Amino acid sequence: MSPVPFQINVPDADIERLHQKLDAATFPDELGSAGWDMGVPLDSIKRLTAYWRSGFDWREQETKLNTQFKQFTVPVPVDGYDDLEIHYLHHTSQIPGAIPLLFIHGWPGSFIEATKIIPLLTSGDDGKPAFSVIAPSLPNFGFSSLVKKRGFGLKQYAEALHNLMTNLGYKEYVIQGGDWGSFIARTMAQKYPNHTKAIHLNFIPMRFPMPWQNPLFFLQNLLPIPFSPARKSYLGSVFNYLTKGSGYMLQQSTRPQTLGYALHDSPVALLSWIYDKLHSWTDGYPWTDDEILTWVSIYLFSAAGPAASLRIYYETSEDGTLQESISKAAPAGVKVGVAQFKEEIMRYPLSWTSLLGDVVRATEFPTGGHFAAWEVPELLVDDLRELFGKDGQAYGVVKEKDGFA
């Protein structure tokens, strides 16, 4: 099926409905000394709600996305499901030998995360590699289709995105992913190792090594006690996330429909649910109100509705693919690069990255957080260029005859 050019065009009635709901919004009280300890502060939500109603211009943001980025939709098949209409950005570099790169977002992100890195990636110079970038909206996110049947887990997401790439003529490609993009990239490496030539991850959840699985690794990495300050910091980030930062994940993994009513019906609920993560998962990034509201509005106006985006947590927990993606290393022949940023929600010693597969490059950055492509786009792009450049560890993994449309 041939791609069709796409323009975002939210109906006037949807914007008017948003304004009506914002006019009718009411707010709870808060403990004045709580700050961010109990969630998003009341004054922040009141300010953003007022601006969303009377100052924020969705049409302006919509026009920017439509004029600055080439968008398309195309139907892709997924075994056992009706064809899905996938929305994506597609920017091909004019530089010969450009590498096809699939950028995969997660929750609460979207295709918008790629918009800062696309101009950088497509413009290689001074011997630096260039990339042709494909940045889709995942099914149930953004302007891609709603999945109407249960059981759509990581293997189905991987199949949809692989079929997108082959539909566009890319037989071989590389992937960059954080959040759910990391899990999907690792699943694609497992399912399509002859096509997925390398994956670059900025989020690397993994199971703690057990002594019966890898005795030598366990002795070298976990048995020495007391841990060094650096090791305590890494493990502390994982412990803090699991005990204090993962409540949203438990809710979305067990009762997404219950939460979905609030996110679908109340723009203030959606705003607070997403803004909480934008704030707490970044390294002091100075969010503007326009950035926050554009980010949230993409969820509000999404083709599937904001509740659908939660189902990836439930489905991957139910079918076991989440744990499978964490447990399995990438197959031999698929090169792995890792970029770990200072305020990532879970950080691991770089020595542990050997558990991910053939890790040829692992870099730790002293700044940046969970949304690296948005917070520190230059750092992420530089790491990709180092990995795939002429002196890089994954140079030449994509054969020109197979990797280009």
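## A charge over a ring

Over the ring of which residue does the charged end of Lys-116 sit? The ring is that of Trp-374, with the charged end 4.2 Å from its centre; a charge counts as over a ring if NZ of Lys or CZ of Arg is within 6 Å of the ring centre and within 35 degrees of the ring normal. Lys-149 lies over the face of Tyr-81, 5.2 Å from the ring centre.

The model is predicted: local features need pLDDT of at least 70 and side-chain atom pairs 80 or more, while totals for chains, interfaces and linings use all residues. Residues are numbered from 1 along each chain as its sequence is written, and side-chain values use heavy atoms, leaving out hydrogens and water.

## Aromatic pairs

The whole structure holds 25 aromatic pairs, meaning rings of Phe, Tyr and Trp (its six-membered ring) with centres within 6.5 Å; planes under 30 degrees apart are stacked, over 60 edge-to-face and the rest tilted. Phe-111 and Phe-143 form a tilted pair, 6.2 Å centre to centre with 55° between the planes. Both Phe-111 and Phe-143 are buried (under 20% relative accessible area, with exposed over 50% and partly exposed in between; 1.4 Å probe, protein chains only).

## The sheet

Nine strands form an open sheet with mixed pairing, in the order S1-S2-S3-S5-S4-S6-S7-S8-S9. Strands are DSSP runs (E, at least two residues), as are helices (H or I, at least four), numbered from the N terminus; two strands pair if DSSP finds at least two bridges between them. Strands S1 (4-5) and S9 (358-365) stand at the edges, each with a single partner strand, so one side of each lacks a neighbour in the sheet. S4 and S6 (residues 173-177) run parallel, joined by four bridges.
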